[in-house]
Structure formats: structure tokens, C-alpha cells
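Here is a short briefing on a predicted model. Keep the sequence and the 3D view open as you read.

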Amino acid sequence: MSVAQEGHPPAADLLDTDGGALVGVEGLGVAYRVKGASVDALRDVALRVERGEIVAIVGESGSGKSTLATTIVRLLPGNGEILAGTVGFDGTDLARLRERDVRELRGRRIGFVPQDPMTSLTPTSRIGPQVMETMLIHGTHTRPAARARAVELLREAGLSDAERVMQAYPHELSGGMRQRVLIAMAFAGDPDLIIADEPTSALDVTVARAVMDRLSLLVREHHKALLIITHDLAMALRRAHYVVVMRSGRVVDGGTSEQISEHSTHPYTRELLENSPHLRLEHVAAAAQTTPRVARELFAPTNPETLLRATGLRKVFRSGHGRAAKELVAVDDVSLAVPAGSTYGIVGESGSGKSTTARMVLRLEDATAGSLTFRGEDVTHAKGERLRELRREIQVVYQSPFDSMNPRLTVGAIIDEPGRAFRLGTARERRAKVLSMLDAVQLPSGFADRRPDELSGGQRQRVAIARALSIEPALVVLDEPISALDVLIQTQILRLLRDLQEEFHLSYLFISHDLATVQNFADYVAVMKDGGVVESGTPDDVFCAPRHQYTKDLLTSAMHL
Amino acid sequence: MLRYIGSRVLQSVIVVLIAFTLTFFLLHLAPGDAAIARIGGAGDGNPEQLAALRAELGLDRPWYAAYATQLLSVVTFQFGESLRNGRPVIDLIAAALPNTVQIAALSLLVAAVLGTTIALLATYTRVRWVRGVLLALPVLGMSIPTFWLGVLLLMVFSFQLGWFPSFGSSDVRGLVLPVATLGIVCSAAVAQVLATSLLDASRSPYAFTAMTKGAGRWRLLLRHCLRAASIPVLTMIGLLTGALLTGAVVIEMVFSRAGMGREILQGVEASDFPVVQGIVMICAVIFVGVNLVVDLLYPVLDPRMRRAMRS
Amino acid sequence: MAVPISDTVRPPRPGARLLAFARRETVTLAAFAFLVLILLVTVWPGLFAAFDPLRANPSQAYRPPSWPHLLGTDNVGRDLLSRMVFGASASMPAALLATSLSLVIGVTLGVVAATLGRWVDAVITRLLDSVLAIPGLLIVFAFLAVLGNGTLPIAVAVGLAGCVSFGRLMRAEVYRVRSLTYVEAASASGVRGWTIAWRHVIPGAIRPVIALTALDLGASLLTIGAIGYLGFGVAPPAPEWGAMVAEGQRHVADAWWMSVVPGLTFVLIILCANQISRYFERGNQR
């Protein structure tokens, strides 16, 4: 897959590299001081960015990619320090400059698009002054000129109602709009280099695509160099001329997009390529055939009972009282049926109501209208003891591996908790059960005495799965169970879930925003938007031959991000 | 917006009402007879005089009647008369209140300015020991008894150096030490709250964004962090009103100044309930009033709250 | 950014952990030790005082801190150190009683408000607001006016005034912890309400409460000291720290130590209490 398609810049568009690279990092070593010890974040990192070039740095969490970005602008947190190496920018070594001199470069020569649009704008200031700030700090414009330029920048970033946005406060704008503001801000000083730190990870896929398109356009039009930091290899290959792969603080691979995608021999890169969800989605669409699920068919009974049926579920949230009451319809007329032994996937963007639906199934929320039956019995308003009995059959795995566990309890106590609550067996029997569950999720038995904060994200999620399965439920609701994990770990956990489903004859209700995961993992899919189901069916139906426009939009955005 | 103001005012009124009820019931638990206390235990009040006095003071009626009557009079700012000398309590308060409020208000100003300065400097400086010292000051300030600091300052600045008068005095020089004492003690709370929230704000993602634009430390603190960080400080100032009022009362005694301190102490010693109740009610009203203003100022500082109120 | 730990790593020995803790928290431990000392002084004054606190000895009046009067003598020749030692039992028990009262009443009100919610919550919150509106010292004055002078009314009054902060804190904490994901997860796992409260909610809320208790102890002591300064509390010639400051003020020219010493004691005790409070506030994990 080459970058030279669909308007992406071909290699020939690069400016002359006559005066040397714009950014030249050599032998960079950075460490953090944590509780007295020194922890390496970057080791012997080298990087080159030519003028007008788009370079992407790809890595999982802990790879050091964000540290590299913040080091270039010399904004490491207080406990970080540069141990060795040079950070060359247009001939100057930024690592050796005085803070005062670096400050003159920030914003003016190097623009930065920060990570999280929801928290990266000053909440007590209007947008206008924030966009104008770079120009005023560096004195490139008078106040009226800066104001006019700010409006222009916001328009270029894709905000058509720029004048109104200038007067608005950050909390009045959506996530996508805020990201565009941040982009406009980065361009305000007319820098030579723009660094974008995870520009899409906080956004829905349709919005993310639009934002990235706009950013690429601006960078090309104004001949800027762009350094993208991302965990999404697919996006990097599509958008950048040159891709650098990082792992554990080192650069392990690098090359043009074509080299990386077609010819890379580095095992880590290959692993990332094979496990990147969006790339798999493309393969699916291209080949128009599903990934074989042979082993599973053997287990699926020919006429399975419907384990869970939801009919016309509706949830309305009411806030305030009296005349000032506001209503929010989170879920509107959702119906689904989960056959025993299968995986039912619900996919949708944020605000689609997928999580609320899951919570209604779990009876963590009361349905405002509609009905819920489990094994034929009506459980819509189950309470008290009946509800507790239901909980034996329906369990949950949350999105956040850390928040869902009490940090003061040991792993063993956490896994044991449901069994204890239902008084299943003696203490010794339960202890044996805990060990067997740890075994089932492929964790060593010694972990039973550890605490959650001693475990990695993937390990914690395994513990969450063990806890959910320990009382042998019939249905497990998985609410974005892998969204917070790195790509390679995601694949491992999915594989584990698949194996456990066979071993314990489980049914899954799998909630996700990620189409590729659902496409590969679920037997049935429902696509939700604004509280309703717009399309449902088998993954083949939905992803290879979508009928609803929204589904089509989702797919194209994901494939062109 | 109007809804918000209305509901806050209503809540304030309810709070004052409950405060009045609490003090009423407390003072009605009094063992002993207020009428006898009024006569001063001189002994020769004949029974008719006593009965007349009781009727006058309303002590012969059941408690709910007394409650209703008192409530009505309090609402119209008639706090009755002092049991000690028969003067209307409202006059007493009117004479003494300005002195106390003067000290409290000036001390608040000093506390705000001093506290903000310390907090800003502590956050601005990168030099670790300077920050350590500056942050240790509020810790110390919160541990010093107000009355003791007053005595200390008296010792040094009045007796030793003779710069300021040591008691009474109605001119500006007489105000300096009392206001300094109370101001220093209260500034500690302001400094601590502001320093913590400034530090948090300076480590926030939006502070990082500002720095990527080339903002220097002062700009960062003043333009981006201060407004958001001031919100908890505003809350603190509302709560500080109570400490300022009691502090002013104590300070008046330390520096022998006229004011509500003297009145209430005399009232307590003589079991002069109307005076005590009157002063307690006035302080409660002031406290509630200041906090109401604070609540109304929140939306001014934090634009996020404005939307929440617009419904 | 948790680092996965391999199976072969052994947990550190308990002794080593304690030592590391001691090295990290020397100041807090010192503060704790000092408070224990004060408690001992309160309970066994005879152990620490060399002289009779009430025995006047005019020939020894106005002695600066020196041997054998380590803290000097007052205007009638009484040993200041002994008076300080016996003064502890005038202020400390009252402060402890006041804080205990605030704790019990406040925590109960807060838990009830947050658990029962809606109108119960509204009523309790208004009630707490009303008590808050009356400055603490004035509540004490009201009690003194009604019940006459005495340490018990003072302690009870300070206790009642102080329950507001505990009430608000507990209410906020219960609301906060109840909305944590792992508490909901426990409920989804089938755990019963009481077990959830005991195992998840209370341990989560306990640290800030302990922090506030330490802080409140200091605040109670300050109020009681102020009341003593103003002339209430134990009657002279029994020593009381606040009253001693007042007395010292009258003799500032001749014996500055008479006021400075009791005041410094307040400062030290409250500093230590605040230090302990800050330790719990920081939420020190293992």
C-alpha cells in the first residue's frame, strides 16, 4: 500500500533537502526520576524530518513516542531529564539551549497539537484569545491583525462558523471542534514543524477522519513538516511519507510507508501489521470474505435457545425538576436477541447508547420502557433476591482494567468476590476455584496474592475476566473490554475470550466502538446511532454489504483514517 | 439564571431561620430565671415586681408563643432589650458592629492580598528551597493562635519599639496591629488553598498547551491558571467569614478595642440572652450574606457554571 | 504505567519495608511521638512537673528560663514548666472530647444524609449549613450564657460546632465512593449492600476522615485556648494555657516568657496534628 494515492503527497513533492534536515535527533537518551530511581524512557533514539515531510512515530504505550515529542519542544515534566544526545532543529541543538531561547521557538517555529482536546484548552478563556495567543506572545501581529488571522485560521481548520467560535468557551464545543481549534492554534505562529500527539485517539472515527484530512491538507498547502505521534500503524502508513516504529524507548524499525508495509522484516513491525484492526478491516473489504471461524461452528448448536431477548428498550434520563427539567433519550427502541453460545456485538460511536443498553441488560439501569427476558422469563423489573439470582447468570467485564477493581484487595480476593457473595462452596473450595480461574486466563497462580497496581493493563483485564467467569455465568456483557489496551494485547485477550467461550459454553454481549474487532469477533452485529439500531445482521451482511448510510460512512472513515 | 439566584436566596433565608431556631431553643434551656438575673439578685424585688417583669419579658408564656413573637421581632430587627441595662439590643449592636466589621473587612483584604502573593510566588519560583519556605509559611500560620500572635505583635511593635499604640485608640495607627494579626492568620488558609490549586492548574493539560505556544511562567500563571484556581479560594473566603468574625471578637479583647467582643463577653457573663442572641443572629446573617455573594460570584469566575444555570 | 512483575521477584521483607517507611516519614513520626508525649503529660502530670503549679513563691518571681526553672517563673514565682504540665489536663481532654463528639455526630449525619438521600439529605444539609453559619466561638458563648462556666459546656459546644466539617466530608465521600466503578462492579457481581459498604465504601472513605480528625483536634484546641484567654474555662489559680497567655500579657514588660511559652506549646501541638493530617491526606500507599 503506497501513500501515492487519493491525493496523498507523492515522494516527489518533498522540498529540497539542501540545507540539511529540519529535525535531526541523534543518540537521544531521556530518563525519568521515579521514587529515587532513574527509569529510562528513550535510549539512543535517532530521527530525521525533512522540510515539508510527514513523519509518523508509531508505538504502543511505554514505547517512548510521546516522550520524544515532548523532548523536542523541551517540555518534559519536572522529573524528566535529557541524559545524552542532540535534538537538532534547523541547525541548533535544542537540548543545549537555554529555556529562554527554547521558549522563542515554541509556537513560532514548532507548533504542537496536544493529545486530549477535551482538557487541552483553558476552560476559563474564550477561544479567540487562545488562538491569538501565539501571535501576541511572539509579537508577529498586532492585536487587530492577530484577531483577523485567528478567524482565518479557524476557518482553514474546518470551522465554518469561525466568528462564533472565537467568542465561545471550550466547554461549548464538541470534541471534534476543539481538536480543530488546537490545530488552528498550532498553525498560528506559522511554524516550520507541526507536532501532532495522538491527534485522533480521543475522537470518533468519522470525526477523526475529517480532522486528519484537514490537517494533511493544511500541512501540504503551507509546506509544513508534520510529525505525527500515534499508536495506529494503519493511519501512519496511510498519512505519512516516512514511518518510525518504536518499542521500549528504542527505534526498532523505520522506512517509507511502502517499505514498512510491504518489505519490513522486523518481527515487531510484522506483528503490529498483522494485528492492526483497521488493516484487517481493509483486507476483509478487499477480499470480501470472512476470516474462517471453523472451530467455532462445531460447537454452535443447530437450534440454539435465545438466551437474552430485549424488545423495544428505551431509556430516558431526566435532569432537573419542574419546568426546567431536561430529557435525554439515550436509548430509543432497541431490540436484540442473543442466542445461547454466541457472541452478539453492538458497535457505535460515543453517544450512540451502546453502553446504556449494556447497562440495562445488566439491570444496572432501569429501562424506561421495553422488556427484557432471560431464558424466557421476564426480568425487566427484577429486584432484590430475583435480581441477585439473575446476577449469577449475567456478569460483566468493564472497559477500564483499573477502575473496576478495588485497589486495596488482592487479586485472589477480587476473583473470589462473586463466589463469596453467593456463598458457593467452602472457603477451601473457593480458593481452589480462584487458582483454577487464574489458570484459565493464563496467569500464574502466584498472582493471587498480588494487588492490581502491580499488574499491567492486560493482566488486570484477565483478572476481570476471571472474576466474571468464576461463578460460571451463562452470559457475559463485555463493555469495551479491550479499548484501553495496546493492540498486541488486544489480540491476546480476544483470543483468550474466544477460548473461554468454547471451554465454558458462554454467550457474549460485546460492546465496542471498533468495527474491525467486532467484525472479527462477533456472530451477530448491531450498529447503533443516537440511541437506535440502524442496522443488524451477521458481520458479513453488515460489513461487506451495508445497507444503511451510517454504516457505510463508518466503514469508509475507518478504512481511510 | 434568575432561578439560580432565587433558589440561593431562599436557601439562605431558610438557613438563617434554622439558625435562629437553634439559638432560641438553646437559650430557652436556661436554668435559672432571667427575671431574677435582671434584677441582679439584689434580693428585695417584691413578688409583684418580679411578676410584672416576667410578663414584660414574656417569660410566662408557653415556648411556641414566645418563639413566634421572637421570630416576628427578629425579622423586623428588634432584638429586644438587654437584661442587664434595658437598652435596646439593636442599638447596642448598631454601635458596636461597625468597629468589628471594620477589623474583619480590613483583615480579609490583608489576608487575600498576602495569601495570593505567597501562593503566586510559591508557584512561580523554580528554586526548590524558596518554594519550600514559602509553602511552610501557611502551615505555620494555621497553627498560630490568633490571640497569641496579637500578644506577640504587641510585645514587639508596641512595647519594645513603640511604633503602635497598645490599646483602645480610634485612629488608623490603632488599627494596624489588630488587622495585621488577623490578616496574617487568615492569609494562611488562603495561601494554602490557592497554592494547591495553582500547582494543580500549572500541571494540567491546558497549561501544557499554553507552554507549547511559548508562554512564560508569569503568563501561564496569571492568564491561564489563576482564574480557575481562584474558585476554591472563593469558597474558602466564604467560610473564612466565620473565622474573621470570631477572630475580630478575640482581637478586640487583645487590643482592648470597643466592639462586639466586649458586648458579647459582658452578655455572656451576665447571662444576658437577648444580647447574646442578637449578636449571634447578626453574625449568622453576615455569614449567610457573604456566602450568598460568593455563590453568585462563581458563574462570573467559571464560565462552565454559567451554562449550568441557564435553563 | 505499571510494569509487569515476573514470578521470580520476591516481595521485600517486612523489616525492610518498615525501615523505608521510617526514613520517608521521619517528620510525621516525630510529630506523632510529640503528640504521644503530650498525651502522657496530660495523664501523668506528676511525672513531668518538678514543682507545685499552685505554690506561689514571690522571691522567685520573674525568673527567666534557667536552672532549675527551665521555663522560668511567673509574676508570683510559680514554676512555669509545672504550670504548663498541669495545664495540659485543662485543655487537652476538652479538645479530645470535642473532636470525638464532632466525629461521631458528623460522620453519622453525613452517612445518613448520603445513604437516605433526597429530602433527608436536604434537611441535614440545611441543618449543617445553619450550624456553620454561627461562628464556633459564638456557639460556645451561647452555651456559656445558658449553662454557666465550665469545661464540659465548652467542650460540648466546640464539639457541636465542629461536627459540620465531618458531616460534609462524610457525605461527600460516601457519594464519591459509591459512584466508583469498582463499587458498581461489586454490586454487579452479586455482593450485598452491607458487604459493599463494609468492604468497599468505608475503607475508601476512612483516610480523609482520619486526616480531618487530626486537623479538627488542632482547631478544637485553638478554640478552647481562645476561650481560656478570654477568661472562661477552669478558674484561676488552676493553670490553663490560654489564661496563662492572658496573664502574661499583663506582665509583658517584665516576663515575656509568660505569654510566649504557652503560645509556643499551642503552635507545636497544632503543627504536629496538622502534619499527621497531611500524612493521611496524601493517601500514602504501601
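Five of the five residues of strand β17 (residues 475-479) of chain A are buried, so β17(A) is largely enclosed by the rest of the structure. "Buried" means that 20 or more other C-beta atoms lie within 10 Å of a residue's own; 12 or fewer makes a residue exposed, anything in between is partly exposed, and C-beta atoms are placed from the backbone. Helices (H or I, at least four residues) and strands (E, at least two) are DSSP runs, numbered from the N terminus.

This is a predicted model, in which local features need pLDDT of at least 70, side-chain atom pairs count only at pLDDT 80 or more, and totals for chains, interfaces and linings use all residues. Residues are numbered from 1 along each chain as its sequence is written, while chains are lettered from A and ligands numbered from 1 in the order in which they are written.

**Strands of chain A**

- In a regular strand the side chains alternate between the two faces of the sheet.
- A:Leu475, A:Val477 and A:Asp479 point one way from β17(A). A:Val476 and A:Leu478 point the other way, and all of these residues are buried.
- Strand β16 (residues 394-397) of chain A pairs with β17(A) in the parallel sense, over four bridges. Two strands pair if DSSP finds at least two bridges between them.
- Which residue stands opposite A:Val477 of β17(A)? A:Val396 does.
- β17(A) also pairs with strand β18 (residues 507-512) of chain A, in the parallel sense and over five bridges.
- A:Leu478 has A:Phe510 of β18(A) as its bridge partner, and A:Asp479 has A:Ile511.
- From β17(A) the chain passes through helix α18 (residues 487-504) of chain A to β18(A), in a right-handed β-α-β crossover. Right-handed means that, with the strands pointing away from the viewer, the path from the first strand over the helix to the second runs clockwise.
- Six of the six residues of β18(A) are buried, so β18(A) too is largely enclosed by the rest of the structure.
- Both faces of β18(A) are covered. A:Ser507, A:Leu509 and A:Ile511 are buried on one side, and A:Tyr508, A:Phe510 and A:Ser512 on the other.
- Strand β13 (residues 343-348) of chain A runs parallel to β18(A), joined by five bridges. Here A:Tyr344 has A:Leu509 as its bridge partner.

**Nonpolar cores**

- A nonpolar core is a set of buried Ala, Val, Leu, Ile, Met, Phe, Trp, Tyr and Cys residues joined through C-beta atoms within 7 Å.
- The largest core has 325 residues, and A:Leu154 and A:Ile195 touch the most other members.
- Helix α10 (residues 217-254) of chain B gives the most to this core, with 18 residues.
- Leaving out residues up to four places away in sequence, A:Leu154 touches several residues, including A:Val131, A:Leu159 and A:Met166. Two residues are in contact if their C-beta atoms, placed from the backbone, lie within 7 Å.
- A second, separate core of five residues includes A:Ile482, A:Leu485, A:Ile493 and A:Leu497.

**A residue in chain B**

- B:Val190 is found in helix α8 (residues 172-202) of chain B.
- Is B:Val190 buried or exposed? B:Val190 is buried, because 25 other C-beta atoms lie within 10 Å.
- B:Val190 and B:Leu234 are 44 residues apart in sequence, and 9.0 Å apart in space, C-alpha to C-alpha.

**Where the chains meet**

- 26 residues of chain A are in contact with 20 residues of chain B.
- α3(A) gives the most to the side of chain A that touches chain B, with three residues.
- 33 residues of chain C are in contact with 38 residues of chain B.
- α6(C) gives the most to the side of chain C that touches chain B, with eight residues.

**Confidence**

- The predictor gives the complex an ipTM of 0.85 and a pTM of 0.84.
- Chain B averages a pLDDT of 83, and 85% of the residues score at least 70. pLDDT is the predictor's confidence in each residue, from 0 to 100.
- The mean pLDDT of chain C is 85, and 94% of its residues reach 70 or more.
- Over residues 1-9 of chain C the pLDDT is below 50.
- Where pLDDT is low, the predicted coordinates should not be read in detail.
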